[in-house]
Amino acid sequence: MAERGVPRLHSLIAGLRNGLIVSCQALENEPLYGSGTMALMASAAEEGGAVAIRANTPQDIRAIKRKTSLPVIGLYKVRYPGSEAFITPTIREVREIREAGADLIAIDATRQIRPDGESLEAFVAEIRLRFPDVVLVADVSTFEEGAAAMEWGAEAVSTTLSGYTSYSPRQEHPDVELVSRLAALRHAPVLAEGRIWSPEQCQICLDAGAHAVVVGTAITRPQEITRRFVKSIRAGCGK
Ligand SMILES: CC(=O)N[C@H](C=O)[C@@H](O)[C@H](O)[C@H](O)COP(=O)(O)O
């Protein structure tokens, strides 16, 4: 642990406690695509009291680090042929987002197929060898993956991919049960992430033992927020 800078790690993780992490992401096909926009989103999140930002791509991370003083959980979504894992799937993406200034790095820690058939264990070993100071967030989809991530030493585990692998339960709501089971292991901080749409759901996740909550779409994807309003109005819920 010493080589990872224990005091820095502790203050980084402690600073997230019971807080809201806002995921500011827009892919190329989304209306708000662009690093400038994501930096403005992050700035608004900071003004609103977010404790950290989760961001995709080196460009966005750089822009956000310039505009805010918040820690950034960086990731880099890249889809390699034949690979199911797409969140920071290889050492190349780890290097790039590290150089861009990510304070924590989120990786796919599921048992999905990885680029070139590399095992998760080999990938993590390479990260630790090349970048001993890196603080890793393991994005998982099941209890087994989360428990395994705690065993291999992930500094935090996030429920990001629950509902997004072929073998995890599809749900409309956040996977509170997964949060609760992983938190009960008391081995590494658990971030509740995925489909959180309300402050009440945030509280439920924190009560279930989450160290912090990550909210993306409900805050930073206005097209989806609009869609929910429209759907609700069309269903006559406004009457
Ligand atoms: C599955 C996947 O690719 N999740 C991504 C991970 O970084 C993001 O697209 C999500 O927005 C993020 O996890 C936050 O979740 P939600 O937007 O549901 O609050």
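Colleague: How many bridges join strand E4 and strand E5?

Modeller: This is a predicted model, in which local features need pLDDT of at least 70 and side-chain atom pairs count only at pLDDT 80 or more, while totals for chains, interfaces and linings use all residues. Residues are numbered from 1 along each chain as its sequence is written. Helices (H or I, at least four residues) and strands (E, at least two) are DSSP runs numbered from the N terminus, and two strands pair if DSSP finds at least two bridges between them. Strand E4 covers residues 104–108 and strand E5 residues 136–139, and their parallel pairing rests on 4 bridges.

Colleague: Which residue of E5 is the bridge partner of alanine 106?

Modeller: Strands of a sheet pair through backbone hydrogen bonds, either parallel or antiparallel. For alanine 106, the bridge partner in E5 is valine 137.

Colleague: What do the strands form together, and by what angle are neighbouring strands turned on average?

Modeller: The strands follow the order E1-E2-E3-E4-E5-E6-E7-E8 with parallel pairing, and they make a closed barrel of 8 strands. Axes are lines fitted to C-alpha atoms, for helices over the stretch in contact, and angles run from 0 to 180 degrees between N-to-C directions. With direction ignored, neighbouring strands of this sheet are turned against each other on average by 25°.

Colleague: Are the residues of strand E2 mostly buried or exposed?

Modeller: A residue is buried if 20 or more other C-beta atoms, placed from the backbone, lie within 10 Å of its own, exposed if 12 or fewer do, and partly exposed in between. In a regular strand the side chains alternate between the two faces of the sheet. Ala52, Arg54 and Asn56 on one side of E2 and Ile53 and Ala55 on the other are all buried. Of the 5 residues in strand E2 (residues 52–56), 5 are buried.

Colleague: What is the handedness of the crossover from E1 to E2?

Modeller: Strand E1 (residues 19–24) runs parallel to E2 and is joined to it by 4 bridges, and isoleucine 21 has alanine 52 as its bridge partner in E2. Between E1 and E2 the chain passes through helix H2 (residues 35–47). A crossover is right-handed if, with the strands pointing away from the viewer, the path from the first strand over the helix to the second runs clockwise. This β-α-β crossover is right-handed.

Colleague: How many residues surround the ligand?

Modeller: A residue is near a molecule if its C-beta atom, placed from the backbone, lies within 6 Å of it. Strand E8 (212–215) and helix H9 (217–220) each supply at least two residues of this shell. The closest residues are Ser23, Tyr164, Arg195, Gly216 and Thr217, and the number surrounding the ligand is 15.

Colleague: Why does arginine 195 count as partly exposed?

Modeller: Arginine 195 lies in the loop between strand E7 (190–193) and helix H8 (199–207). Its class is partly exposed because its C-beta neighbours inside 10 Å number 18.

Colleague: What is the phi of aspartate 116?

Modeller: Most residues other than glycine have a negative phi. Aspartate 116 is placed in the loop between E4 and helix H5 (120–130). Although aspartate 116 is not a glycine, its phi is positive, at about 55°.
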